[in-house]
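Please open the model in a viewer and keep the selection panel at hand.

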Amino acid sequence: MDGVLSQEEITALLQNGSDATGADAGTAASGGVQVSAEECDTIGEIANISMGTAATTLFSLVNHKVDISTPVVSMATWEDIVSQYERPCVFIRIAYTVGLDGSNLLVLKEQDVKVITDLMMGGDGTNTEGDLGELHLSAISEAMNQMMGSAATSLSSMLDKTIDISPPEANLIDLTDSLDEKEIDEFLAGDFIKISFKMEIGDLVDSTIMQLYPISFAKEMCESVKSNMSKDAAETSASSAPAPAAAPQPQPAAQQPMMGQPMMGQPMMQQPMMGQPMMQQPMMGQPMMQQPVNVQQAQFQSFSGDFNPAIFQKENIDLIMDVPLEVTVELGRTTKSIQEILDFAPGTIIELDKIAGEPIDILVNGKYVAKGEVVVIEESFGVRITEIIK
């Protein structure tokens, strides 16, 4: 093991055990806030869903397969982080501005940050030489902004309320004994909740990342989840409740028996013998007799031989006289390969398929309609039509 407790060990510690300092494992050092095993499981489930969404976002940024394992939840102190995590490392602070009140910290190893930022900048993930600079911190902050933004969206669906975050702040921290952990975040001075994930990015990264929650912030999320589940259960119970019985409908008056049906107390009429025709009785809802339908052949007036369509032509074409048409004058055409087009530069001469002095083509809405010659009207070019194409 790498110093990370299993979920079973965490549950046992939270219920019965004590930590190395003598304080109860499920109690924070300040305020005596108890964290139950049920809340521990809820925090793990929230982190699992959030980081699953964040992994999908990271995949789109680095274009490599990203796997983030099931989280392991435990109580921790600053001394635990200093002794278990390599130094230096990058602390990324994510503050919630809408929906939740608090912040959490994401801790990544320096080498992992170098690989992720190199992939984001179009590299292959191997350009990790040199110190971690402002460019790396800016890039990882943007990655975490998108990752935790998508995680906040998943959290919004889970808690049934809007969740939003502020832009993450990334800092390179050297975990030394002289560092005041309060400078990073106030909650690091006492006990807090540590969530460990195993992260793999292709064959470039096989490492562990941590997410640190204040106990009060974690309990707020658990209460929101519990409240939302109670609300859903109440709505489900209401929707599944039986509908009130409908009022009894008045019975219709007794109908007179139809012809061919026996009256109460009268013997049923015998069925006709085989081979004898049965008198057909009308069915209920069908007409007793169909009314005859008068059908006549359609009559059309024939056109006279002196019909002149020109009478209507002028009237109809007047309706579209103001429709604009695009007129194009085409000097000539040619065909070039992609390589030749890429070689174009100012001064390049392109030879067309028209001979000097040959009439140019005139097109209306892309259709070839006439030929003409180029003229100059004051300071503008023009075209004189010389032939209409039929």
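**Cysteines**

A search of the whole structure finds zero disulfides, a disulfide being a pair of cysteine sulfur atoms within 2.5 Å. Select Cys40, which is in no disulfide; the nearest cysteine sulfur, that of Cys222, is 8.8 Å away. Cys40 is buried, at 4% relative accessible area, where buried means under 20% (1.4 Å probe, protein chains only). Select Cys89 next: this residue is also buried, with a relative accessible area of 0%.

The model is predicted, so local features need pLDDT of at least 70 and side-chain atom pairs count only at pLDDT 80 or more, while totals for chains, interfaces and linings use all residues. Residues are numbered from 1 along each chain as its sequence is written, and side-chain values use heavy atoms, without hydrogens and water.

**Helix α2 against α5**

Select helix α2 (residues 37–62) together with α5; their axes lie 8 Å apart at an angle of about 140 degrees. Helices are DSSP runs (H or I, at least four residues), numbered from the N terminus. Axes are lines fitted to C-alpha atoms over the stretch in contact, with angles from 0 to 180 degrees between N-to-C directions.

In α2, show the contact residues, including Ile46, Ile49 and Leu61; in α5, those to show include Ala143, Met147 and Met158. Contact means heavy atoms within 4.5 Å.

**Helix α4 against α5**

Move to helix α4 (residues 110–120), whose axis comes within 9 Å of that of α5 (residues 134–159), crossing at roughly 80 degrees. Here Val113, Lys114, Ile116, Thr117 and Met120 of α4 meet His136, Ala139, Ile140 and Ala143 of α5.

Key
Helices (H or I, at least four residues) and strands (E, at least two) are DSSP runs, numbered from the N terminus. Buried means under 20% relative accessible area, exposed over 50%, partly exposed in between (1.4 Å probe, protein chains only).
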